[in-house]
Amino acid sequence: DYLADHPQAAPLLVAGSVGPYGAFLANGAEYRGDYALPQDKMMAFHRPRIAALAAAGVDLLACETLPSYAELEALTALLTAEYPTLPAWFSFTLRDSEHLSDGTPLAQAVALLDRCPQVVALGVNCIALEKVTPALTALRRLTRKPLLVYPNSGEQYDAVSKTWHSAPAGCALQDKLAEWREAGAQIIGGCCRTTPQDIAALAHRCRAE
């Protein structure tokens, strides 16, 4: 409908979100990766959601907020076996710039995804603003795939109380744009607690640069 009403709009892609099993647990595990399922059960968890998104006609999948190497393995196995023509990006949460949240070395995760031709970009999301540039720097050393990043607003999530706490002064997505682009990011946006106004400010800054 949007494209019908805006025929001069830039090319748009619709990405269907495939979030982690950890978010289903509703205990903050998507930031820790401290869960385990046999691969067939992990695939069974993701299968109906991917099927629904594929049936709805998404252009690609956004396999995102992923803290667990085992979950990466399950998702790539599912895509390869059952959706071999559907592209996807993969985006992680991190313990630090060199490790997924479950402690897996980032190099190991990237090597897995580099072997999967359906993975068209990879990066980080749902992480703190200050973690972005070190993560991009590490990823750029490990892969030539396009990099993406969409962090949180700067507020901190308390998984116990399920509340967000105020961002430190001076944290704004658009203020980091040049730094992230210099570090290799080609796709940039926002995750939790970011707003349409934040994305508009990013777009304005991008056009200005």
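Buried means under 20% relative accessible area, exposed over 50%, and partly exposed in between, for a 1.4 Å probe and protein chains only. The views below show a predicted model, in which local features need pLDDT of at least 70 and side-chain atom pairs count only at pLDDT 80 or more, while totals for chains, interfaces and linings use all residues. Residues are numbered from 1 along each chain as its sequence is written, and side-chain values use heavy atoms, with hydrogens and water left out.

**View 1. The largest nonpolar core and the surroundings of Phe92.** A nonpolar core is a set of buried Ala, Val, Leu, Ile, Met, Phe, Trp, Tyr and Cys residues joined through side-chain atoms within 4.5 Å. The largest such core comprises 50 residues, and Leu61, Leu72, Phe90 and Phe92 are those with the most contacts inside it. Helix H4 (residues 69-82) supplies the largest share of this core, six residues; helices (H or I, at least four residues) and strands (E, at least two) are DSSP runs numbered from the N terminus. A second, separate core of eight residues includes Leu60, Trp89, Tyr150 and Cys191. Contact is taken as heavy atoms within 4.5 Å. With neighbours within four places in sequence left aside, the residues in contact with Phe92 include Leu66, Leu72, Leu100, Leu106, Leu113 and Leu139. Gly123, Val124, Asn125 and Ile127 are also in contact with Phe92.

**View 2. The salt bridge between Glu82 and Arg47.** A salt bridge is a side-chain nitrogen of Lys or Arg within 4 Å of a carboxyl oxygen of Asp or Glu, and by this rule the count is four. The side chains of Glu82 and Arg47 form one of them, at 2.8 Å from N to O. This pair links distant parts of the chain, with Glu82 in helix H4 and Arg47 in helix H3 (residues 39-56), 35 residues apart. Glu82 is partly exposed at a relative accessible area of 35%, and Arg47 is partly exposed at 29%.

View 3. The side chains of Arg205 and Asp175 meet in a salt bridge with an N to O distance of 3.5 Å. Arg205 belongs to helix H8 (residues 196-208) and Asp175 to the loop between E9 and H7, so the pair ties together parts that are 30 residues apart in sequence. Arg205 counts as partly exposed at 29% relative accessibility, as does Asp175 at 46%. Gln174 lies in the loop between strand E9 (163-165) and helix H7 (177-182). Gln174 is buried, with a relative accessible area of 19%. Leaving aside neighbours within four places in sequence, Gln174 is in contact with Ala201, Leu202 and Arg205.

View 4. A search of the whole structure finds zero disulfides, a disulfide being a pair of cysteine sulfur atoms within 2.5 Å. For Cys116, the nearest cysteine sulfur is that of Cys63, 9.3 Å away. Cys116 is buried, with a relative accessible area of 6%. The sulfur of Cys206 is too far for a bond, because the closest cysteine sulfur, in Cys191, is 19 Å away. Cys206 is partly exposed, with a relative accessible area of 39%.

**View 5. The salt bridge between Asp34 and Arg32.** The side chains of Asp34 and Arg32 meet at 2.8 Å, N to O. Arg32 is partly exposed, with a relative accessible area of 33%.
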